[in-house]
Amino acid sequence: MHPFVSVVIPAKNEQGNIGLLIKEISEVLHALGNIQFEVVLVNDGSKDNTVIEAKEFAAQSQCQLQVISHEASCGQSTALHTGIFHAKGEWIVTSDADGQNDPADIPALLQAAQQVQTEHFCIAGFRNKRLDTPWVRLQSKIANGIRQRFLNDGVPDSGCGLKVFPKRTFQALPYFDHMHRFLPALVKRINGKIVVCPVNHRNRAVGQSNYTAWSRAWVGVVDMFGVMWLRKRTKLPRIISEEIE
């Protein structure tokens, strides 16, 4: 039996994508038969009908839906933080809102999570057959290579939005803007286990990305060195006994 699962989706102006994504998530998780779940949509300052569309498709799909709306856009990491804070589930599934992450991959990630024996873990998706343009793939290859060189987090694709981890694991991590790109490294910092699972990658149906890899490059470098500093300053004691009298 799976624990209660919250699928957290940060969304900014994703009308035309979000409804079908919620429908797919609902169909996939209902098909498992033995799982309670909700979708937590964080409306990150959308100016279109993202929320209306999400509610309509959730009602049609009999999908439990929470909607939390930011007054203005705060970025993906803050939206994820908001969604996870409000989530009711023991396990968190994160997904991008544009439909490029395939909900059909979620059961395999949940199955991998059930095999983990440690308290803290992160099951990270790996888009091994990306459908992006050569320029985007090159940017990601450079960024992932630099990150691996300095952080050695064992994840070949930090930009994949599809991940599974316990809510308590996320709550044990430090929060900062852009932290979602360093989740595996931060989980390793608290002795968590990282498991990589290949996942599908699909074309965006409507609109264009709200974020570009190149515009994040220099911010990512600063954050990466910050994560390195955090790892060096972390001390995790090994408890050999605990007594209550």
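**Ground rules.** I number residues from 1 along each chain as its sequence is written, and I leave out hydrogens and water, using heavy atoms for side-chain values. As the model is predicted, I ask for pLDDT of at least 70 for local features and 80 or more for side-chain atom pairs, whereas totals for chains, interfaces and linings use all residues.

**Sheet.** I looked up the strands (DSSP runs of E, at least two residues, with helices as runs of H or I of at least four, both numbered from the N terminus) and found an open sheet of seven strands in the order 3-2-1-4-6-5-7, with mixed pairing. Pairing here requires that DSSP finds at least two bridges between two strands. Strand 3 and strand 7 (193-198) are the edges, each pairing on one side only, and the twist averages 20° from one strand to the next. Strand 1 and strand 4 run parallel and are joined by four bridges, with valine 7 opposite valine 93 of strand 4. Strand 2 and strand 3 also run parallel, with six bridges, and valine 42 has isoleucine 68 of strand 3 as its bridge partner.

**Helix 1.** Helix 1 (residues 18-32) has 15 residues and reaches 22 Å from first to last C-alpha, close to the expected 21 Å, which is 1.5 Å times one less than the number of residues. Its buried residues, among them Leu21, Ile25 and Leu29, pack against strand 1 (5-11), strand 2 (37-44), helix 2 (50-60), strand 3 (65-70) and helix 4 (106-115), contact being heavy atoms within 4.5 Å. Just after the helix, glycine 33 takes a positive phi of about 80°.

**Aromatic pairs.** I counted two pairs, taking rings of Phe, Tyr and Trp (its six-membered ring) with centres within 6.5 Å, and calling planes under 30 degrees apart stacked, over 60 edge-to-face and the rest tilted. Tryptophan 91 and phenylalanine 121 have centres 5.9 Å apart and planes at 90°, so this pair is edge-to-face. Tryptophan 91 lies in strand 4 (residues 91-94) and phenylalanine 121 in strand 5 (residues 121-126), so the pair ties together parts 30 residues apart in sequence. Both tryptophan 91 and phenylalanine 121 are buried. Phenylalanine 165 and phenylalanine 170 are stacked, 6.0 Å centre to centre with 20° between the planes.

Conventions. Buried means under 20% relative accessible area, exposed over 50%, partly exposed in between (1.4 Å probe, protein chains only). Axes are lines fitted to C-alpha atoms, for helices over the stretch in contact, and angles run from 0 to 180 degrees between N-to-C directions.
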